Amino acid sequence: MNLCNLEALVPQYVRQFEAYIPSPPDDELQQMFGCSRLIRMNNNENPLGPPPAAAAFLQSFDPALVSRYPSGDCRPLRARLADYLGVTPSQVILGNGANEVIAFVIKAFCQQGDNIVTADRTFAVYEWIARFSGVDARLAPLNDFGFDEEGLLARVDSRTKLVFICNPNNPTGTWWSRDRLIRFMERLGPNHIVVLDEAYAEFMDQPDYPDGISLLSRFPNLIIFRTFSKMYALAGLRIGYLVGTEQVTDIVRKTAIVYSVNTLAQSAALAALGDQTFITATRSLVQEGQQMLAAQCAELKLPILTSDCNFAMIKLPFSDTLAYRLLMQQGYMVRTMTGFRFPGWIRVSIAGREAMQGFCTALSRLVHSRTDQSPLAKVYGVF
Ligand SMILES: Cc1ncc(COP(=O)(O)O)c(C=O)c1O
């Protein structure tokens with residue numbers, strides 16, 4: 001049987017959208033680039049692996065349990081999170097990664113003709129989900145690598161349902177202070193929802209970094225996103241959540257997919273939550289890695305954006321896609337930033353000490369190979 005005119009079934013905004021292509025598995029990449037081992041520094045993962053209690057749970061997990069469905073609304077974990085965050089369980093909604101939670105919120109508030117407002121160079125999934133849902137994404141240029149209050153406000157109109165603020169911003173690491181956030185909320189007013197994406201909140205060690213949840217009573221139009229993928233090193237289990245007022249979560253719950261968070265993810269997150277020793281160890285590893293990168297970039301005269309987050313952006317004097325290929329050949333995978341509107345930049349996730357040392361050496365060889373006659377330059381030519 002022939003399929004009918006398939007295109008005719010597809011909404012215009014889906015037809016126009018280009019699918020995201022994730023990177024192939026490590027073994028394929030190693031074969032493609034001829035490297036014997038691969039260190040992934042492209043997804044801001046925590047190299048320490050999960051906190052000990054989560055690792056112990058995973059090791060002792062009884063496989064027989066996977067024949068049963070998980071708690072459909074993550075009840076035990078929501079109770080624990082509520083206690084930890086000082087909110088009620090019904091103020092928390094979990095999803096299959098914070099990515100899924102973004103979709104819940106856009107589906108709950110937006111219809112065709114509506115828009116969301118965010119920055120042009122931030123976590124791209126807000127824009128992508130809006131666009132393939134037929135919702136306009138209005139993008140305010142970053143100002144000095146940070147979210148620009150004026151630019152965002154200028155793009156808000158009566159059809160703006162959601163304003164997404166990534167705090168700290170992935171990929172630039174910049175962030176709004178508590179005062180700045182409050183000023184923005186007051187200027188915006190109560191007629192739009194502000195989503196504060198705090199995926200990297202647990203890395204932040206600055207006294208005036210705002211905890212969005214503490215502002216909920218003052219600004220009930222706030223929604224806060226968090227994830228277990230970054231600090232808690234559970235990216236492979238896919239679990240993230242949002243916190244809002246009960247009025248708001250009662251609405252978002254309508255578009256939240258039940259049973260989408262699996263049994264392992266729920267219990268591992270329960271075990272991991274609030275492990276301060278682990279958080280402190282991760283923060284010091286990140287700080288050390290950031291310092292190593294900054295020192296290496298200073299030596300190579302490369303501009304770098306560092307922060308408390310577990311990633312940094314580096315500006316190269318040549319193409320980022322070329323740098324990607326050449327670093328891959330040396331076994332280091334970084335994120336090229338041209339597709340994220342930062343041509344010539346790479347984003348590097350902080351890895352363990354040995355990997356950071358290796359990466360710094362690889363970066364140095366790469367930069368020097370442009371000008372001198374090192375063996376690498378002979379292999380790659382001048383680029
Ligand atoms: C700012 C930001 N928000 C959300 C996410 C999505 O996280 P998750 O792995 O929970 O889907 C990421 C992941 O990179 C992120 O950087």
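**Close-ups of a predicted model**

**View 1. Helix α9 and its buried side.** In helix α9 (residues 178-188), the buried residues are L181, I182, F184, M185 and L188. From the helix axis, the buried residues of α9 sit within an arc of 160°, so they line one face of the helix; the arc is taken from the directions between the helix axis and the C-beta atoms. Here buried means under 20% relative accessible area, exposed means over 50%, and partly exposed is in between, using a 1.4 Å probe and protein chains only. Helices are DSSP runs of H or I with at least four residues, strands are runs of E with at least two, and both are numbered from the N terminus. The cover over the buried residues of α9 includes α8 (149-155), β5 (160-166), β6 (193-197) and β7 (222-227), where contact means heavy atoms within 4.5 Å.

**A note on all the views.** The model is predicted, so to speak of a local feature takes pLDDT of at least 70 and side-chain atom pairs count only at pLDDT 80 or more, while totals for chains, interfaces and linings use all residues. Numbering starts from 1 along each chain as its sequence is written, and side-chain values use heavy atoms, with hydrogens and water left out.

**View 2. R183 of α9 pairs with E149 of α8.** R183 and E149 make a salt bridge, with 2.7 Å between the closest N and O atoms. R183 is in helix α9 and E149 in helix α8, so the pair ties together parts that are 34 residues apart in sequence. A salt bridge here is a side-chain nitrogen of Lys or Arg within 4 Å of a carboxyl oxygen of Asp or Glu.

View 3. V125, Y126, E127, I129 and A130 are the buried residues of helix α7 (residues 125-132). Their cover includes α6, β3, β4 (136-140), β5 and β6. Just past α7, G134 has a positive phi of about 80°.

View 4. E127 forms a salt bridge with R341, and their closest N and O atoms are 3.1 Å apart. R341 belongs to the loop between β12 (335-336) and β13 (345-349) and E127 to helix α7, so this pair ties together parts that are 214 residues apart in sequence. E127 counts as buried, at 10% relative accessibility, while R341 is partly exposed, at 38% relative accessible area. Both residues join R131, D136, R138 and D157 in a network of salt bridges. The salt bridge count comes to 19.

**View 5. K230, the annotated lysine.** An unreviewed UniProt entry puts "modified residue: N6-(pyridoxal phosphate)lysine" at K230; such annotations may be inferred rather than shown by experiment, their names are shortened, and their positions use the numbering given here. K230 sits in the loop between β7 and β8 (240-244) and is buried, with a relative accessible area of 16%. Leaving out residues up to four places away in sequence, K230 touches N43, N44, N46, A199, Y200 and F203. The unreviewed entry also lists residues 38-354 as "domain: Aminotransferase class I/classII large". In that span the end C-alpha atoms are 13 Å apart, and the make-up is 35% helix and 17% strand.

**View 6. G113 in its loop.** G113 is found in the loop between α6 (98-109) and β3 (115-119). With a relative accessible area of 47%, G113 is partly exposed. Apart from neighbours within four places in sequence, G113 is in contact with G134 and R159. G113 and T160 are 47 residues apart along the chain, and their C-alpha atoms are 9.4 Å apart in space.

View 7. L3, L6 and L9 make a nonpolar surface patch of about 340 Å². Patch residues have over 30% relative accessible area and no salt bridge; nonpolar side chains (Val, Leu, Ile, Met, Phe, Trp, Tyr) are joined within 5 Å, like charges within 9 Å. Areas come from the Shrake-Rupley method with a 1.4 Å probe, and for residues only the protein chains shown count as cover. L9 is in helix α1 (residues 6-9) and is exposed, at 60% relative accessible area.

**View 8. D250 with R253.** The D250 and R253 side chains meet in a salt bridge of 3.0 Å, N to O. D250 is partly exposed at 43% relative accessible area, and R253 is partly exposed at 35%.
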